[in-house]
Amino acid sequence: MKRSIRTAVCALAAAGLALTLGACSEAEKKAVDAVDKAVNEKYEVTYEVSGKSVDEIEFAAGAGSAANPKLEKAAKPELPWKKTVTLRGIMPPTVVPISTDPTGSDLTCKVIYKGKVIKEASGENVVAGCIAVSPMGK
């Protein structure tokens, strides 16, 4: 009698474990699919820089990875400067004007996604540039 109870309890435990693992696997699969979609989905942003005394503009244009984007450069750009690029996944939109004026007081940078400014900096705050959170990560 004890042996049949033990066998039944073990069988129920094994069945419960199998059901639990099956449910976790489905949830994990959905999570992985969501991350894959976010990482591979492309989106466009427009960078804008205005002001004066800009020697160079560095910006993310889609090369590299989200953790280590390869920045492109526009040397001696005519201002106001505007560039639309295609990025993917969680890659952060980044534009950094490099000014010959250390105060950068006349500079403004913007990152625009679907017509909406998602990051803007001006004056002394522009020294670090405009680095936005990817709209795909939201």
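## Starting at β5 and β8

β5 pairs with strand β8 (residues 130-131) in the antiparallel sense, over 2 bridges. Here, two strands count as paired if DSSP finds at least two bridges between them, and strands themselves are DSSP runs of E with at least two residues, while helices are runs of H or I with at least four residues, both numbered from the N terminus. At this pairing, T94 stands opposite I131 in β8.

Before going further, a word on the model. It is a predicted one, in which local features need pLDDT of at least 70, side-chain atom pairs count only at pLDDT 80 or more, and totals for chains, interfaces and linings use all residues. Residues are numbered from 1 along each chain as its sequence is written, and side-chain values use heavy atoms, with hydrogens and water left out.

## The chain as a whole

The protein chain holds 1 helix and 8 strands. Along the sequence these follow the pattern α-β-β-β-β-β-β-β-β.

Buried residues account for 30% of the 138 residues; buried means under 20% relative accessible area, exposed over 50%, and partly exposed in between, using a 1.4 Å probe and protein chains only. The chain exposes about 8900 Å², with carbon and sulfur atoms supplying 57% of that area (Shrake-Rupley method, 1.4 Å probe; for residues, only the protein chains shown count as cover). Among contacts with a separation of 6 or more, 64% involve residues 24 or more positions apart, where a contact means heavy atoms within 4.5 Å.

## The sheet that holds β5

The pairing of β5 with β8 belongs to an open sheet of 4 strands, in the order β3-β2-β5-β8, with antiparallel pairing. Its edge strands are β3 and β8, each of which pairs on one side only.

β2 and β5 pair in the antiparallel sense over 5 bridges, and β2 is also joined to β3 by 6 bridges, again antiparallel.

Another open sheet has 4 strands in the order β4-β1-β6-β7, and its pairing is antiparallel. The edge strands here are β4 (81-88) and β7 (116-122), each pairing on one side only. From one strand to the next, the twist averages 20°; axes are lines fitted to C-alpha atoms (for helices, over the stretch in contact), and angles run from 0 to 180 degrees between N-to-C directions.

Strand β1 (residues 42-50) is joined to β4 by 8 bridges, and the two run antiparallel.

## The nonpolar core

The largest nonpolar core has 23 residues, and V45, Y47, I57, F59, W81, L87 and V95 touch the most other members. Such a core is a set of buried Ala, Val, Leu, Ile, Met, Phe, Trp, Tyr and Cys residues joined through side-chain atoms within 4.5 Å. At least two of its residues come from each of β1, β2 (54-64), β4 and β6 (108-113).

What does L87 touch beyond its neighbours within four places in sequence? Its contacts are E41, K42, Y43, V45, Y47, A60, A61, G62, P92 and P93.

## Salt bridges

The whole structure contains 3 salt bridges, each defined by a side-chain nitrogen of Lys or Arg within 4 Å of a carboxyl oxygen of Asp or Glu. K52 pairs with D106, their closest N and O atoms being 3.4 Å apart. K52 sits in the loop between β1 and β2 and D106 in the loop between β5 (94-99) and β6, so the pair ties together parts 54 residues apart in sequence. D106 is partly exposed, at a relative accessible area of 38%.

D55 and K76 meet at 2.8 Å, N to O. This pair links D55 in strand β2 to K76 in the loop between β3 (69-75) and β4, 21 residues apart. D55 is partly exposed at 31% relative accessible area, whereas K76 is exposed at 65%. In the salt bridge of K73 with E58, the closest N and O atoms are 3.8 Å apart. K73 lies in strand β3 and E58 in strand β2, so this pair ties together parts 15 residues apart in sequence. K73 counts as exposed at 54% relative accessibility, while E58 is buried, with a relative accessible area of 19%.
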